[in-house]
Each structure stands twice: as structure tokens, then as C-alpha cells.
Amino acid sequence: GGRRRNMLEELEAEGGSGSEEEDDEHGPSARHREVAFNLKEKLRKEMAVPAVVHFYTWLLAGYNNSNSPALNHAVVSFLWRLILPEHLGLEPILYQLSVLRLFHQFLSDPTLRGKKEHTNILRLATKVVRGLFEKLAPSEPLPPAAAAAAAGDGSDPAAEEGS
């Protein structure tokens, strides 16, 4: 007890009283700068971390079995806010294999279809998977030069040797 009190008294003595006089000691090195707080950017930095996505994926794995409807709603709502362009617009962070495997599990499970409480997760999974495939295989046709190169128009010297 006595040793702890002595340590506390030493810390208080070192820390001072926190008065305005102490602030003046620091002089010009202690400057404050006013900056605009960008909540969206702060959330992007905090939430665009694979560990956060991994944790929510782990929670979502119990979607049909052990999770309460309130927990499922909270997790899915968070993921919607993470991916929607009007919120954080971070859909590509869900293009992780673990997330896609879980979404595949949801989309291929016939017991989830037709249940009102599962429509939100199915919509989320569908949106993310479609977004991934749109990025992997864009629906826009290739320019003529690229299409000819992809089709092998015979300009490849190795192909000419074989004919």
C-alpha cells in the first residue's frame, strides 16, 4: 500500500497540476492546428483492414445457425455501409476468398431462399459477387485490335511457323 502511494505521488509530482502556466513552458513548440475532420476518410482508414473483414466474416458464418436475428442484422448492415458507394464504397475489400466462399455457401443454400429474414444477406452476397464478376469480365466489348489479338489473327510468328 505504501509503495503504491509513493509511486502515485511521484507521478503526480512529475505530471504537475496541469495549469495554464505549464502550457506556456512549452512555448512555440506546442502549437495547435485546426483541421477539418473527414469522418468518411477516418472510417475508411479504420474499417479497410482485412482483420475487420475477417472478424465480420467469422460472425457471419453463424448466420443460419447460432446468430440471433439482431446480430445478423447488425453485421449485414455494417457490410452494406462498407460497400455502398454513398457510404464508404469499399466493395472490393469483400473480394477476399473467405468472404466469397461464405457468400457462395449462402447463395447455394436452398433453405435460405424465400425466408424474409435472409433476403438482406442474399442481396448483399449477390451484389458483391456480381460486382466482382463485372470487374473480372467487363460487359463492354473489346476494341477491334484487342479482339483480333485475343482471337489469334495469325500475326504471331510462332503460329505462322506451324502452318
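Author: The model is a predicted one, in which local features need pLDDT of at least 70 and side-chain atom pairs count only at pLDDT 80 or more, while totals for chains, interfaces and linings use all residues. Residues are numbered from 1 along each chain as its sequence is written, and side-chain values use heavy atoms, with hydrogens and water left out.

Reader: Which residues line the largest pocket?

Author: A pocket is an open set of points on a 1 Å grid over the protein atoms alone, with protein on both sides within 12 Å along at least five of seven lines, and a lining residue has an atom within 4 Å of a point. Here the lining consists of Y63, N64, N65, N67, S68, P69, N72, H73, V76, E117, H118 and N120. Helix α5 (residues 69-83) gives the most to this lining, with four residues.

Reader: How many residues of each class does the lining of the largest pocket have?

Author: Ala, Val, Leu, Ile, Met, Phe, Trp, Tyr, Cys and Pro count as nonpolar, Asp, Glu, Lys and Arg as charged, and the others, Gly among them, as polar. The lining has three nonpolar, eight polar and one charged residues.

Reader: At what angle do the axes of α5 and helix α7 cross?

Author: Axes are lines fitted to C-alpha atoms, for helices over the stretch in contact, and angles run from 0 to 180 degrees between N-to-C directions. The axes of α5 and helix α7 (residues 119-136) cross at roughly 30° and come within 10 Å, which makes α5 roughly parallel to α7 (a term for angles under 35 degrees). In their contact (heavy atoms within 4.5 Å), V76, L79, W80 and I83 of α5 meet N120, I121, R123, L124, K127 and V128 of α7. The residues of that contact divide into seven nonpolar, one polar and two charged.

Reader: What is the angle at which α6 and α7 pack?

Author: α6 and α7 pack at an angle of about 125°, with their axes 9 Å apart.

Reader: Which residues make the contact of α4 and α6?

Author: Helix α4 (residues 50-60) and helix α6 (residues 97-107) pack at an angle of about 25°, with their axes 10 Å apart. The contact is made by V53, T57 and L60 of α4 and by S98, V99, L102, F103 and F106 of α6.

Terms used
Helix = DSSP H or I, 4+ residues; strand = E, 2+ residues; numbered from the N terminus. 1 Å grid on protein atoms, 1.4 Å probe; cavity = no way out; pocket = protein on both sides within 12 Å on 5 of 7 lines; lining within 4 Å. Parallel < 35°, antiparallel > 145°, perpendicular 65-115°, else oblique.
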